[in-house]
Amino acid sequence: MKAIVFDRHGEPDVLRYIDLPEPKAGPNEVVIKVAASACNFNDIWARRGLPGMKIILPHIAGSDVSGVVVERGSEVKDINLGDEVVVHCGIACRHCAYCTRGEEFFCEQFKIWGFQTGPNDGAHGEYCKVPAVNAIPKPKNLSHQEAASIPLVLVTVWRMLVTRARIQAGDFVMIWGSTGGLGVMAIQIAKLFNARPIAIASSDDKLELARKLGAEFVLNRKSHDILKQVREITDGRRADIVFEHTGAETWPLSMQCLKWGGTIVTCGATSGFDAHMDIRLLWNKQQNYLGSHLGNKGELVEALRFVERGLIKPVIDRVMPLKDLGKAQTLMETNTVQGKIVMVPN
Ligand code: NDP
């Protein structure tokens, strides 16, 4: 099969489009013929290399896929050849105390498929394999390209806003990177809960998309005084929830824009990990700072019901041939993407 592989870390030129043997299903696995895979920022962290995290080389990145099951292991009973599936990318033992209470991300064996698995075990190829328990029926109302764009960002944002931050009707939710992969889900989930999204992005074009997705307020981070505007929008109260993933550059402002007793929920740090924090705000304003990482399979299945009803929609910037994965990553690294980039095998 053709796949995009790297065997050293670096810029997009380390990505090679090469021939590899097709994966074979183990007893509890299925092999999927990939119809479409989606780009996530995690693919870029894997390519660049992350301090403190082992990326197994050689590496096929990609944690989102939609396709058709073409092989199943001897122990797999509930998935048939020809089934159309997407993938929940949290791989865990499924037996330990954490897994059995739905906290698979605390499992000692937890890995994000296509990010921490390997060698050569991710979505950006013509075929891939996953544990059968991670294959989920594709939402029937979506094409493969639309379906591939959804699972990782959907489960991450659902956990951040619904499970962790406990979003309520009427909450002002300030959303950084509101037209990125996570952001487009955050706006839609905030609207689903009758909350009031304050969408931030770096261009007016992007803010137009944010409005179309349901943002009640839009702010351009290049031209607006974010704190002043958030104060005005909220009658001086500031945001109930700040949706963070942008990191060091935005963190101090996120703290200032948060109301007394409010919640910052974060899952990432695109602009850097080492954020300055004035801890007086933490105790004096009794704020809540929550970390969140991916989500569990149950959260994804729950959130996909809203996708099937058309209440959460895929947002695709463009579809590109798999061999152009490097170009797709460069677009993401230069903040020129609105929603998701989807790759199709040639
Ligand atoms: P995208 O590239 O799709 O979107 C990122 C957005 O961040 C851009 O749209 C950009 O918006 C904004 N941004 C980038 N730099 C800055 C900055 N310095 N200040 C303000 N905004 C900025 O990425 P994803 O949405 O897929 O992922 C975002 C982050 O979340 C990544 O770091 C990723 O690794 C992490 N993540 C973590 C997960 C987890 O489970 N822990 C799961 C998924 C993602 P604009 O320029 O328009 O403001």
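The briefing opens with conventions and then goes through the model topic by topic.

This is a predicted model, in which local features need pLDDT of at least 70 and side-chain atom pairs count only at pLDDT 80 or more, while totals for chains, interfaces and linings use all residues. Residues are numbered from 1 along each chain as its sequence is written, and side-chain values use heavy atoms, with hydrogens and water left out.

- Leaving out residues up to four places away in sequence, Leu 154 touches Met 185, Ile 189, Leu 300, Ala 303, Leu 304, Val 307 and Ile 312, where contact means heavy atoms within 4.5 Å.

**Ligand site**

- The ligand is surrounded by 24 residues, of which the closest are Trp 45, Gly 181, Arg 221, Thr 270 and Leu 294; a residue is counted here if one of its heavy atoms lies within 4 Å of the molecule.
- A polar side-chain atom of Trp 45 lies 2.8 Å from an oxygen atom of the ligand, a polar side-chain atom of Lys 206 also lies 2.8 Å from a ligand oxygen atom, and for Asn 42 the corresponding distance is 3.3 Å.
- A polar contact is a pair of N or O atoms within 3.5 Å; within protein, one must be able to donate a hydrogen and the other to accept it, and residues adjacent in sequence count only if both atoms are side-chain atoms.
- On its own the ligand has 920 Å² of accessible area, and the protein covers 94% of this, with areas taken from the Shrake-Rupley method with a 1.4 Å probe and, for residues, only the protein chains shown counting as cover.

**Helix H6**

- In helix H6, residues 204-213, the buried residues are Lys 206, Leu 207, Leu 209, Ala 210 and Leu 213; buried means under 20% relative accessible area, exposed over 50%, and partly exposed in between (1.4 Å probe, protein chains only).
- These residues lie on the same side of H6 because they cover an arc of only 155° around the axis, the arc being that of the directions from the helix axis to the C-beta atoms.
- The exposed residues Asp 204, Asp 205 and Lys 212 are carried on the face of H6 turned away from its buried side.
- The cover over the buried residues of H6 includes helix H5 (181-192), strand E11 (196-201) and strand E12 (217-220).
- Just after H6, Gly 214 takes a positive phi of about 120°.

- Lys 138, in the loop between strand E9 (135-137) and helix H3 (144-148), counts as buried because its relative accessibility is 9%.
- Apart from neighbours within four places in sequence, Lys 138 is in contact with Ser 66, Glu 84, Val 85, Val 86, Ser 143, His 144 and Ala 147, and a polar atom of its side chain lies 2.4 Å from the backbone oxygen of Leu 142.
- Gly 183 is located in helix H5 and is buried, with a relative accessible area of 0%.
- Gly 183 and His 245 are 62 residues apart in sequence, and their C-alpha atoms are 9.4 Å apart in space.

**Backbone geometry in loops**

- The peptide bond from Leu 57 to Pro 58 is cis, with omega near -5°, and Pro 58 lies in the loop between helix H1 (41-48) and strand E4 (64-72).
- Gly 118 and Pro 119 are likewise joined by a cis peptide bond, with omega about 0°, and Pro 119 lies in the loop between strand E7 (111-112) and strand E8 (127-131).
- Arg 238, a residue other than glycine, has a positive phi near 80°, and at 16% relative accessibility it counts as buried.
- Gln 286 is not a glycine, yet has a positive phi of about 50°, and at 61% relative accessibility it counts as exposed.

Terms used
Helices (H or I, at least four residues) and strands (E, at least two) are DSSP runs, numbered from the N terminus.
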